[in-house]
Amino acid sequence: MLNIQNNVKLATYTTFSIGGKAKYLVEAENLADIRQAVEIAKDKEVPLLIIGGGSNLLISDRDFEGLVIVNKLKGIKEIRERNSNEVLVTAKAGEVWDDLVKYTTKRNYWGLENLAYIPGTVGACPVQNIGAYGREIKDTFVSLEALNIEDLTLRTFYLKDCNFGYRSSIFKEGLKGKYIIVSVTFKLSLLPAPALDYGSLQEEINKEVVNINAEDVRLAVEKIRKSKLPEPKEFGNAGSFFKNPEISQEEFEKLKEKFPDIKYYDLPSGLVKVPAGWLIERAGWKGKDLGLAGVWHQQALIVVNKGGASFNDIKFLTKTIICEVKDKFGIELTPEVNIIE
Ligand code: EPU
């Protein structure tokens, strides 16, 4: 029997530790639970919200008059063909992402190690094509299985179907709210394939390792992330709050004249990516608080709940940052976090 909980505080399901009560909440352990929960939401004619690890979500303090499905589907399987240098690893959507990364690096499978220590679940990763230290999940992604909320059929999405971009996918755009991701399959390499071009990662590895394996890289990434990013258990947060903006060459040249030390990366598209962390720091916000919300002192891209912050506290701080960055640099920052008003 499906266990439907009533009036559940969503703050306990988000890494920001913010969010009002959900009228109904189901912790789904298998596909049948998800299907049943969707049917119930349809019967009751209430909106649905799907949560994984709640690590990229800012939810309003208002009560949610709908049904929340917490995706708890577990399991990791692998397929290794004889004489192949690759292995296919399939994980259910409710697996903790970092547990999957560890599972692969402990076996010395290459491909996910740069994405270590990112909070959240496997099912949430493709939605925003998570990325760090020069890698994104699209680099090793093969396919995913997802449930169509409308007709409850399963569909396989291959790489070409997902429209992966920088922190985006079809599941955040055209198909937003239409599918529930059930499992994700990655193709990993059995041969060493380190991607160490990201400066700080290269430095960390050079310091410590001679014969490098995937687990060494995972540990180096974990160490860097721990030194820069706040632990959600201590200070609620959802990782980078904003995306790094991409601007035209023209716009960039003008900015560089005014701010010669601006940090940037040229993109293959011809656009220029400017780190939002740098813009926010130069706008004077690094390590500063506004009420109970604050900007992390080690990484200006992270907005934190200093304890007891409300949805509006975070909104007010981030709106203020957006305005001030716009005034100073003419660039409009956009949130990377999924905001549920
Ligand atoms: N910077 C500053 N001040 C700051 C922060 C950064 O000047 O307070 C400058 C740095 O000096 C550096 C540049 O900005 O030149 C980039 O900084 P960093 O390497 O810390 O990465 P990021 O661009 O700020 C992105 C991702 C992170 C990911 C890191 C590492 C986005 C929105 N964020 O941050 O992802 O961990 O790269 O690859 O793309 C997340 O998405 O939640 C997340 C944490």
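These legends describe close-up views of aromatic rings and of the ligand site in a predicted model. Local features need pLDDT of at least 70, side-chain atom pairs count only at pLDDT 80 or more, and totals for chains, interfaces and linings use all residues. Residues are numbered from 1 along each chain as its sequence is written, and side-chain values use heavy atoms, with hydrogens and water left out.

**View 1. Phe157 and Phe171 form an edge-to-face aromatic pair.** The structure holds eleven aromatic pairs. Rings of Phe, Tyr and Trp (its six-membered ring) pair if their centres lie within 6.5 Å; planes under 30 degrees apart are stacked, over 60 edge-to-face, and the rest tilted. Here the centres are 5.0 Å apart, with 70° between the planes. Phe157 lies in strand E11 (residues 154–158) and Phe171 in the loop between E11 and strand E12 (179–189), so the pair ties together parts 14 residues apart in sequence. Helices (H or I, at least four residues) and strands (E, at least two) are DSSP runs, numbered from the N terminus. Both Phe157 and Phe171 are buried. Buried means under 20% relative accessible area, exposed over 50%, and partly exposed in between (1.4 Å probe, protein chains only).

**View 2. Phe235 and Trp296 form a tilted pair.** Their ring centres are 5.4 Å apart, and their planes stand at 55°. The pair links distant parts of the chain, 61 residues apart. Phe235 sits in the loop between helix H4 (214–228) and strand E13 (236–240). Trp296 sits in the loop between strand E18 (293–295) and strand E19 (302–305). Phe235 is partly exposed, at 24% relative accessibility. Trp296 is buried, at 10%.

**View 3. Two lysines lie over aromatic rings.** Lys273 lies over the face of Tyr166, 3.3 Å from the ring centre. The charged end of Lys288 sits over the ring of Trp285, 4.7 Å from its centre. A charge sits over a ring if NZ of Lys or CZ of Arg is within 6 Å of the ring centre and within 35 degrees of the ring normal.

**View 4. The ligand is surrounded by 23 residues.** The closest are Tyr133, Tyr166, Arg167, Tyr198 and Glu281. Helix H6 (276–282) gives the most to the shell, with three residues. A backbone N or O atom of Tyr133 lies 2.6 Å from a ligand oxygen atom. An N or O atom in the side chain of Asn244 is 2.8 Å from an oxygen atom of the ligand.

Conventions:
Near = heavy atom within 4 Å. Polar contact = N/O pair within 3.5 Å; in protein donor to acceptor, adjacent residues only side chain to side chain.
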